[in-house]
Each structure stands twice: as structure tokens, then as C-alpha cells.
Amino acid sequence: MRIAIIGGGLAGLTAAAYLSDRDDTSGTVFERSPQLGGRAFTYEKSGFTLNYGAHAVYGIDRHTLHSMEEELHLKFQSKQVDKRKVVYTKHGRLTPAPLDFVNILKTDVLSTMEKVRFVGEIAAIIGNIHQLKRHRTLGDYLDHSHASPDVKELWEHLVCSNFFVTPEEARKVSGEVIADYYHNLFLSHRPVNYILGSWATITDQLIEKIDNNENWDIALKEPVESISMEGGKFVLNTKTRQQLVFDQVVLAMPVQQVVKLVENTPWMPSLEPYKDSTSTEVLVYDVGFSKVVARPFHYISDMDHKIFISDVSATDYTVAPVHGQLLQGIAYLNDDFSDEEQKKQYLESKTQQMEALFDTHYPNWREFVEVKRVSKKAMVASVKNIHSNKLLPNRLEGVPFYFCGDGCQGKGELAERAFSSGRAVAQALLEEKADIRALSH
């Protein structure tokens, strides 16, 4: 079976690594960029390792990466974020984040009675009996809840940070999706970890596994421009090559790119329900210091402005030079603006809020900046997991190829959905191959 995988991000590399682990498959990974990894791209500058987005993994002991580690023999280390050094700031006051029962007792975000209620809600989620899963959205659940405004705000804030959306859109996330996500996370013994060495630690091993199979190759800077079917085979044309024939095709790229690729084909009508899905855009503010400016906490979540700062180097020592420090600020962005000028002013205000948070907790930080990168509209998820969007299934009725990526159905959010959907597609293809072989005999 000769397979084309279009897209060399986490999902495409995962699918290719599983498929190339077999001697009886062959194929090509097509990537339009000059590097692999997609939005998990890592690069070094002045001794600092920068990622387009965080390389945090939620619930690593229950994560798809845990399965991949065993099945693909990956080798990596991770370190857990110290829960006692994760704080919220509200109305100018720092307080422990209510991440577990110890911190819930200590936090000022909730009153004593609210803490009792919130502990009950967590227990219900762990027991998989929480009412949230029966509601269409978080907003629907909160509208019917008798909880205090502080408890409701906490729910919005938690979903905002874990589903990578604004607080307004947090209310649009499916109740069932949230309940499943937190059921898994609250049962984890390692809730938030960083992969030491960043995403490159994982992607380099996936690439090496693909390269080790001489029947597989990786085509960089070679976007696929058209796809058709002739005689039961797929025919691809790329920027540099024509009439490439494959037995199967995996589209491992954002649905927005999928739509462009198939818009003039008979398969486009099946993709109509997915073409208007919106992506998550964030402001990412990375700053590397020549020395440790301050280390008040490892993670600060500003409830007033809905912005977040991670002291990445406090958990992953590999991302900064010795004695240096790397911070990453994140703000999830609205996308509803009347014109470009309004959007520009909004982005500027978010940048100013981020710098003000730096000023508060990392005094005189500007004096020690070695590296600074501000991405004012970085895409971190190709499809927001809100009820008005639809995640692509791995197979779509009326369409002959497979789909994987963070805009597809799968376990978890963001990177995990890319890993899990890529793994699921590879397993489905191998089962299909086994079925074909059984029929031929």
C-alpha cells in the first residue's frame, strides 16, 4: 500500500511514524513549509528555545503520548509544573490556583461555602455523574446553575485556559466535551507537564522513524496542488511533480487548507458543513532574559484580563541558557471586529496588558531582554472546539481519504487531538490493508 500524507505537522508525522514502522507500506509526507512540525515548530535564538505555543502536556500519564511512547519506542523526559507555584491574580491580588483540593482550601478566588460546592462539582466530574455533560454548552449549564457568580466565573476561566478560547466562547464549549476532558484530567497523577527539550524532542524521533524506512520519504517545500482519482488510484500533482500515484491519501492539515485543496472536486459538497469552522488565534509574547529577573511563580493567570504568563524555564531548564529565564505570555483573542482598525486597537491593548503584567511581577524586565518575539495573531488550533464548529471525523461519508489533525475528532485538545487522530488514522489504514490481504487470499 502506497500512502500519501499531506501535511507534516504533529498529526501527519504521527500517522507516518506508525505506518512506516511496517515494512509492507510505502509513502511520502508532503509538507509545504521548509520545516516539519507545523504549529509545534521549535527553533533556537541566542541560546533560547522558542516554540510557537506552549509545549505543555495535560495529564501525560493518561495522554496519547503515553501510548505512543510505548508503541513507537519514543524516549523523552517530562517535568511536572509545581501546582503550589501556579497562581491566579484577581483585582490585583495573587492567590493559589484551585487546581487540587489543597489549593482549593488555600485560594481566595472562592468563599468557604463556594469551595465546598466546587469540591462537590469536581467529585461529580471524577465520578462521571456531573450534570454538565447533559447540557449542550457550558453557558447552558451555568444559566441553569444556582452557583454564585464567582463559581461561574471560575468555570469560564478554567475552560478558557484549557480549551484555548476567550471567556465568551468558553460558554459555547459543549458540556459533554468539558465533562469528558476534566474527568480525564482530574484522574491524572501528572496534570501539567513540559516535554524537556520542547516539541522537537518528539518530532525529531517521529521524523527519524520515517527516515529509517527506505520505502518512505519526506518532501519539504512541496505543496500538493490538486488531487483526483483515476482507476481506483489517487493522482496527486505538486508544485514540482505531476501524476504521482497512491493507493490511499491522508489529509493531515487544517480544514481551511483541506477545503482549498478539494474545492473543485466532487468531494467538496461533503466538506461544506466544515468549511466555515473558525480557528483559535492568540497573542503570544515570548521574552528571554539574560538572568533570572524574578521567579514569583511558575504560572500566573490574570482573571481580570484573561491573559496568562508561563515561566517556561522554571519547569523546562533546557529552553534557556544557564542563569537565563524564558517567559511566554498568552492571550486568547476575539475575532469579531467591525473593521481592521478596531482589530488593530484591540491587539495593541492586549499587548499593553501583557507588558503591564510583566511590569507587575518581573520588575525592570526590559533591562535584561535578550530575545523577544511577539506574534499578534498566531493560530494555535485550526478549529475551536465550540458548538458552532464541527470537528472533522477521520472518515467522511462520500469522501475516499482520511483526515487527521487538531481540527479533527480525537482524544483531548490541541496537540493531543493531533496525536490521537494521527494514530487512529494509521491504525485504520493498517486494518484496511489487513482486510484487503485477507480478501485476496
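Residues are numbered from 1 along each chain as its sequence is written, and side-chain values use heavy atoms, with hydrogens and water left out. Because the model is predicted, local features need pLDDT of at least 70 and side-chain atom pairs count only at pLDDT 80 or more, whereas totals for chains, interfaces and linings use all residues.

Helix α6 (residues 149–163) and helix α8 (residues 175–186) have axes that come within 12 Å and cross at roughly 75°, the axes being lines fitted to C-alpha atoms over the stretch in contact, with angles running from 0 to 180 degrees between N-to-C directions. Helix α6 is therefore roughly perpendicular to α8, a term applied to angles of 65 to 115 degrees. Contact (heavy atoms within 4.5 Å) is made by Trp155, Leu158, Val159, Asn162 and Phe163 of α6 and by Val177, Ile178, Tyr181 and Tyr182 of α8. By class, eight of these residues are nonpolar, one is polar and none is charged; Ala, Val, Leu, Ile, Met, Phe, Trp, Tyr, Cys and Pro count as nonpolar, Asp, Glu, Lys and Arg as charged, and the others, Gly among them, as polar. Helices here are DSSP runs of H or I with at least four residues, and strands are runs of E with at least two, numbered from the N terminus.

Thr315 lies in helix α12 (residues 312–315) and is buried, with a relative accessible area of 4%, where buried means under 20% with a 1.4 Å probe and protein chains only. When residues up to four places away in sequence are not counted, Thr315 touches Lys79, Gln80, Val81, Tyr194, Leu196 and His298.

Two cavities of 30 Å³ or more were counted, a cavity being a set of points on a 1 Å grid over the protein atoms alone where a 1.4 Å probe fits but cannot get out, and lining residues having an atom within 4 Å of a point. The largest cavity has a volume of about 50 Å³, the volume being the space filled by probe spheres set on the points. Its lining comprises 10 residues, of which Asn51, Asp286, Val312, Leu326 and Gln328 lie nearest the centre. Strands β4 (48–51) and β18 (325–332) each supply at least two residues of this lining, with β4 giving the most, three residues. The lining of the largest cavity divides into four nonpolar, five polar and one charged residue.

The second largest cavity holds about 40 Å³ of space and is lined by Phe163, Phe164, Ala381, Val383, Lys384, Asn385, Glu413, Leu414 and Arg417. By class, this second lining has five nonpolar, one polar and three charged residues.

Conventions
Angles under 35 degrees count as roughly parallel, over 145 as roughly antiparallel, 65 to 115 as roughly perpendicular and the rest as oblique. Buried means under 20% relative accessible area, exposed over 50%, partly exposed in between (1.4 Å probe, protein chains only). On a 1 Å grid over the protein atoms alone, a cavity is a set of points where a 1.4 Å probe fits but cannot get out, and a pocket is an open set with protein on both sides within 12 Å along at least five of seven lines; lining residues have an atom within 4 Å of a point.
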